[in-house]
Amino acid sequence: MESIAERMALAGIVLPAQRQAQGNYVPFIMDGSYLWISGQVSNFDGRAVTGTIGDDLDLAAGQAAARLSGLNLLAQMAAALDGDLERIRQVVRVTGHVQVAADFVGIPAVMNGCSDLLVEALGARGRHSRTSVGAYRLPGGHAVEVDAVIRIAQG
């Protein structure tokens with residue numbers, strides 16, 4: 001059985017630097033067997049993906065933005081677990097917020113960019129329950145923001 005690090009290396013998945021909180025909150029909280037990750041936006045090492053899906057961004061661009069948000073989730077997981085992603089037992093829940101035009105209804109398809117990444121990186125441990133919500137505006141005009149709850153092994 002290959003490790004998460006091996007899966008990620010084979011898939012060419014490179015994590016960004018951990019994003020620091022942009023306000024009076026923390027990027028993650030560990031509570032017993034659960035890790036709660038604060039909202040992660042579509043930004044990769046300072047390069048923001050902003051815009052409105054169905055207006056100035058198409059579905060493919062939205063999925064790419066959701067993937068970037070997922071990479072930031074993984075970076076926060078790595079930071080919380082001191083780099084030991086093998087402690088992840090299951091991504092339990094992902095909530096995705098997608099900045100969309102009024103008539104855009106493909107919100108779940110956008111969020112597949114994040115969900116597919118988590119399964120690609122973590123295998124079966126990356127499969128999760130999910131809620132996808134359309135939003136008029138997200139922080140900084142980012143196209144996507146996601147948060148997650150992860151069940152972990154005690155360290």
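This is a predicted model: local features need pLDDT of at least 70, side-chain atom pairs count only at pLDDT 80 or more; totals for chains, interfaces and linings use all residues.

Modeller: Let me begin with Glu2, which counts as partly exposed because its relative accessibility is 36%, where buried means under 20% relative accessible area, exposed over 50% and partly exposed in between, with a 1.4 Å probe and protein chains only. Residues are numbered from 1 along each chain as its sequence is written, and side-chain values use heavy atoms, with hydrogens and water left out.

Colleague: Fine. Where is Glu2, and what does Glu2 touch?

Modeller: Glu2 sits in the segment before helix 1, helices being DSSP runs of H or I with at least four residues and strands runs of E with at least two, numbered from the N terminus. Not counting residues up to four places away in sequence, Glu2 touches Arg7 and Leu10, contact meaning heavy atoms within 4.5 Å. The side chains of Glu2 and Arg7 are joined by a polar contact of 3.5 Å; that term covers a pair of N or O atoms within 3.5 Å, where within protein one must be able to donate a hydrogen and the other to accept it, and residues adjacent in sequence count only if both atoms are side-chain atoms.

Colleague: And Ala5, buried or exposed?

Modeller: Ala5, which is found in helix 1, counts as exposed because its relative accessibility is 56%.

Colleague: Switching to the strands, how do strand 5 and strand 6 run, and how many bridges join them?

Modeller: Strand 5 (residues 88-99) and strand 6 (residues 129-135) run parallel and are joined by seven bridges; two strands pair if DSSP finds at least two bridges between them. From strand 5 the chain passes through helix 3 (residues 107-122) to strand 6, in a β-α-β crossover that is right-handed, which means that, with the strands pointing away from the viewer, the path from the first strand over the helix to the second runs clockwise. Within this pair, Thr95 stands opposite Thr131 in strand 6.

Colleague: What does the side chain of His128 reach?

Modeller: His128 lies in the loop between helix 3 and strand 6. The His128 side chain makes a polar contact of 2.8 Å with the side chain of Ser115 and reaches the backbone oxygen of Gly126 at 2.7 Å. Leaving aside neighbours within four places in sequence, the contacts of His128 include Val91, Val92, Val94 and Leu118.

Colleague: What about Arg125, buried or exposed?

Modeller: Arg125, in the loop between helix 3 and strand 6, counts as buried because its relative accessible area is 16%. Beyond four places in sequence, Arg125 touches several residues, among them Ile4, Leu85 and Ile88.

Colleague: Then where is Ile88, and what does Ile88 touch?

Modeller: Ile88 belongs to strand 5 and is buried, with a relative accessible area of 0%. The C-alpha atoms of Ile88 and Leu122 are 8.4 Å apart, although 34 residues separate them along the chain.

Colleague: Which residues touch the most other members of the largest nonpolar core?

Modeller: That core has 39 residues, and those touching the most other members are Leu35, Ile53, Met77, Val94, Cys114, Val144 and Ile150; a nonpolar core is a set of buried Ala, Val, Leu, Ile, Met, Phe, Trp, Tyr and Cys residues joined through side-chain atoms within 4.5 Å. Helix 2 gives the most to this core, with nine residues. As for Cys114, contacts beyond four places in sequence include Ala66, Gly70, Leu73, Val94 and Val146.

Colleague: How many residues does helix 2 have, and what follows helix 2?

Modeller: Helix 2 has 22 residues and reaches 31 Å from its first C-alpha to its last, close to the 32 Å expected at 1.5 Å a residue, that expected span being 1.5 Å times one less than the number of residues. At the start of helix 2, a side-chain oxygen of Asp58 comes to within 3.3 Å of the backbone nitrogen of Ala60. Helix 2 is followed by Asp82, whose phi is positive, near 50°, and Asp82 counts as exposed because its relative accessibility is 73%.
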